[in-house]
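The sequence and structure are shown below.

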Amino acid sequence: MLGSRTDLHIFDAGSVNGTRYCNEILLPYVRLFRGAMGLQFLFMDDNAPCHLTVAAEQLLESEDIERMDWPARSPDLNPIEHVWDFLGRRLAARTLPPVTIRELRLALQDEWAAMPQQLILSMGRRSETCLAVRGDHIPY
């Protein structure tokens, strides 16, 4: 966002539920972005179950954070899907792939920091292409 990125947040052991999503993502990251961006802030997540909990909905409403309407099954429009692909390819291309959780964490953080911002900046072009094909699959 705005030519920058947060640190990569890696959830420690366990499933991500609504409470963890609120406490580990919405409060420390999204609320701060909302404060920095002001009224033009529009939040994008997807339809993951932890994003749609009552707790998450109430927190976003209490913080006056507007959520973007998000269609089901829309991976071409979600930049995070392209980020996961990028990170996976970079990890697979390493001469010495990570074998422990600690090594995986460090490798992901390194690749996250090295990821070109162009990957995210291409989303405008991806959106235009998706509109041109009336929501059909796009070749990205």
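Is Phe 43 buried or exposed? In this predicted model, Phe 43 counts as buried, at 10% relative accessibility.

## Aromatic pair

The count of aromatic pairs comes to one. The pair is formed by Phe 41 and Phe 43 and is stacked, with 6.5 Å from centre to centre and 20° between the planes. Phe 41 is buried, its relative accessible area being 7%.

## Helix α2

Helix α2 spans residues 54-62, and its buried residues are Ala 56, Leu 59 and Leu 60. Viewed down the axis of α2, the buried residues fall within an arc of 95°, so they line one face of the helix. These buried residues pack against α1 (18-37), β1 (42-43) and β2 (66-67).

On the face of α2 turned away from the buried side are the exposed residues Val 54, Gln 58, Glu 61 and Ser 62.

## Cysteines

Zero disulfides are found in a search of the whole structure. Cys 22 is in no disulfide, and the nearest cysteine sulfur, that of Cys 50, is 9.0 Å away. Because a disulfide requires sulfur atoms within 2.5 Å, the 9.0 Å from the sulfur of Cys 50 to that of Cys 22 is too far for a bond.

Cys 22 is buried, with a relative accessible area of 8%. Cys 50 likewise counts as buried, at 13% relative accessibility.

Notes:
Residues are numbered from 1 along each chain as its sequence is written. This is a predicted model: local features need pLDDT of at least 70, side-chain atom pairs count only at pLDDT 80 or more; totals for chains, interfaces and linings use all residues. Side-chain values use heavy atoms; hydrogens and water are left out. Rings of Phe, Tyr and Trp (its six-membered ring) pair if their centres lie within 6.5 Å; planes under 30 degrees apart count as stacked, over 60 as edge-to-face and the rest as tilted. Buried means under 20% relative accessible area, exposed over 50%, partly exposed in between (1.4 Å probe, protein chains only). Helices (H or I, at least four residues) and strands (E, at least two) are DSSP runs, numbered from the N terminus. The arc is that of the directions from the helix axis to the C-beta atoms. Contact means heavy atoms within 4.5 Å.
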